[in-house]
Amino acid sequence: VNILNISLTPSIYKFLDKENVINIYSDDYFLKSSDMLIALDVSKYERIKKIAKDAKENKIAIVSIDHHPKHTQNLFSQEIIDTSANSTGYLIYQFIKKFNPKFIDKKIALFLYCALVTDTGYFHYDNSNPEAHKMASELVKTGIKPAEIYENLYEQKSLACVKLLGHILQNLQVEYDGKVVWFIITQDILKEYNVKIEEIEGFCDIVRSIKNLKVCVIIKEMK
């Protein structure tokens, strides 16, 4: 089994890959020796970019497991989609529980818990249903530490990143009587504050704490 990603792992998730098992995809070396490609949390076939193109050229079956609404027609070989699920991690969790529950040790529980909390906004999104809390409860019993996980995910921003956030908050664009807020992050502003694009994850979550706000839009210049 090979784990592939089309881009670098954001720094806040590096604690999940201490053994460096995630491979950054560059060519079809891994695909040529594979029987199947499983795409997780990918609602659009195009989101896996070159991996999808190379898999198709090498006639590799692609299975999609997701909790987002289906956007692509007839491109995945098989789709396992449940839009009522709180996260794709929950679907994986249910699969393991059914076929090999003893497989969920402390290490696996950490990955599943992170998948759950990042998709539920650490349980403050509407998809934080009873199943989400039950899953979290069972995973915590393996010995994982929710406080440490929260710190790794949400309390690792550099001083430069916090200063950039301050700049963003001072320059928010407000529309529709405060119901919509948007902001732009350009490559120039990232260079000015010496911040990487992946470090701005979570900015919208902070902006969404504004009273009566319904929508937060972030426009990013990727390169």
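**Strands and cores**

Tutor: Start with Ala39: its bridge partner in β4 is Ser64. Strands here are DSSP E runs of at least two residues, helices H or I runs of at least four, numbered from the N terminus. The model is predicted: local features need pLDDT of at least 70, side-chain atom pairs pLDDT 80 or more, while totals for chains, interfaces and linings use all residues. Residues count from 1 along each chain as its sequence is written, and side-chain values use heavy atoms, without hydrogens or water.

Student: How many bridges join β3 to β4?

Tutor: 5, and the strands, β3 being residues 36–40, run parallel. Pairing takes at least two DSSP bridges. The chain goes from β3 through helix α2 (residues 49–57) to β4, a right-handed β-α-β crossover. Right-handed means clockwise from the first strand over the helix to the second, with the strands pointing away from the viewer.

Student: And what stands opposite Ser64 in β5?

Tutor: Glu79. β5 (residues 78–81) pairs with β4 in the parallel sense, over 4 bridges.

Student: Why is β4 largely enclosed?

Tutor: Because 5 of its 6 residues are buried, meaning under 20% relative accessible area with a 1.4 Å probe, protein chains only.

Student: Switching to packing. Which residues touch the most other members of the largest nonpolar core?

Tutor: Tyr113, Phe123, Leu139 and Leu153, out of 27. Such a core joins buried Ala, Val, Leu, Ile, Met, Phe, Trp, Tyr and Cys through side-chain atoms within 4.5 Å. α4 gives the largest share, 7 residues.

Terms used: Buried means under 20% relative accessible area, exposed over 50%, partly exposed in between (1.4 Å probe, protein chains only).
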